[in-house]
Amino acid sequence: MTITSPHLGSPSSEWTDARLLYALEEVVETELNRHLKVAKDWMPHEYVPWSDARNFPGIFEDGEAWDKEQSKVTELGRIALVVNLLTEDNLPSYHHEIASLFGRDGAWGTWVHRWTAEEGRHGIVMRDYLLASRAVDPDKLEAFRMQHMAEGFESDNRHSMLHSVAYVAFQELATRVSHRNTGHQSGDPVCDRMLARIATDENLHMVFYRNLLKAAFELAPDLTMQAVRDVIVNFRMPGHGMPGFERAAAQMAIGEVYNMRIHHDDVLQPVLRHLKVMDMGDLGPEGLQAQEELGMYMGGLDAEAAKFDAKLAARKARMAARAAG
């Protein structure tokens, strides 16, 4: 892929993924060193209620069949936990995607492997928690995992390193918010603490990519603005291909784990404000057009979120009246 920018050198200056990777290498090294200083190692096994665990049917004669009444996790928490874990399960595909885009050498490669190792903890601790606490049907969970991973994952942004950086800057924050809200809605303080620990990692990952995106704006503002516009307008969570995702996403939206209002207010806007994306000047015609289109999209999303808020409030009112009656 070849991309051009009027802001570097002559109007004929050309950017390729390789040139962008090289130009951002020093920033990656700086951000990697910062990340390693602030990130704290933690042990997944310390967040799992092992004393609640018991054998399942199978090779053990004393195996006890799963029943949802065995766990204190709410129905909404159970749904969101499965979505969140299946998203984490596709780590091999994610690693392949970013290793192919960012490479395995230098600071980029070191970051790719470090990020993968940290993300691996999330899948480990969530699965151990779910099985030990009997929060979900283990047979269905494994069937979903096999189906989801067998289908593989291909990023919508695999065509462009710059689009990929823009995407993960928002997606890491979206994942943090989803994990945190799932913990709040889970009904289990142990689950809440576990997901808060995961959310802390996701926030640090977001900061890494957000700072990298800031550097990209300074380097190639028009191209980066176009990438941000494309990513936001076409944004999909990485778990969109999993079994039953649409129904689960609808239930998570109603349950206020993740919905349009949360996406607009808690994911897109914080990153856009931090980077001052809508206030940027010194843009060429294509950058200005992308900025304008992004502003229009955000306005439309806010309006759609307001409609959703009204429907959700009406639903809550009906449920409250029903309960009172």
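This is a predicted model: local features need pLDDT of at least 70, side-chain atom pairs count only at pLDDT 80 or more; totals for chains, interfaces and linings use all residues.
**Entry 1**

I then looked up the volume, and the largest cavity holds about 300 Å³ of space.

Which residues sit closest to its centre? I noted Tyr94, Trp115, Tyr167, Val168 and Gln171, out of 21 residues that line the largest cavity.

Next I checked which elements the lining comes from. Helix H2 (75-89), helix H3 (91-102), helix H4 (106-133), helix H6 (161-185) and H7 each give two or more residues to the lining of the largest cavity. I also sorted that lining by class: eleven residues are nonpolar, five are polar and five are charged.

**Entry 2**

H7 had turned up in the lining, and I looked at its packing next. Two packed helices are described by the angle between their axes and the distance between the axes, and I looked up both.

The axes of helix H7 (residues 189-219) and helix H10 (residues 260-275) come within 10 Å, and they cross at roughly 45°. Parallel, perpendicular or oblique? H7 and H10 are therefore oblique to each other. I also wrote down the handedness: H7 passes H10 in a right-handed crossing.

Which residues make the contact? On the H7 side I found Arg210, Leu213, Lys214 and Phe217. On the H10 side I found Val271, His274 and Leu275. Sorted by class, this contact of H7 with H10 has four nonpolar residues, one polar residue and two charged ones.

Notes
Residues are numbered from 1 along each chain as its sequence is written. Side-chain values use heavy atoms; hydrogens and water are left out. Axes are lines fitted to C-alpha atoms, for helices over the stretch in contact, and angles run from 0 to 180 degrees between N-to-C directions. Helices (H or I, at least four residues) and strands (E, at least two) are DSSP runs, numbered from the N terminus. Angles under 35 degrees count as roughly parallel, over 145 as roughly antiparallel, 65 to 115 as roughly perpendicular and the rest as oblique. A crossing is left-handed if the near helix is turned anticlockwise from the far one by less than a right angle, and right-handed if clockwise. Contact means heavy atoms within 4.5 Å. Ala, Val, Leu, Ile, Met, Phe, Trp, Tyr, Cys and Pro count as nonpolar, Asp, Glu, Lys and Arg as charged, and the others, Gly among them, as polar. On a 1 Å grid over the protein atoms alone, a cavity is a set of points where a 1.4 Å probe fits but cannot get out, and a pocket is an open set with protein on both sides within 12 Å along at least five of seven lines; lining residues have an atom within 4 Å of a point. Grid points are joined across faces, edges and corners, and a volume is the space filled by probe spheres set on the points.
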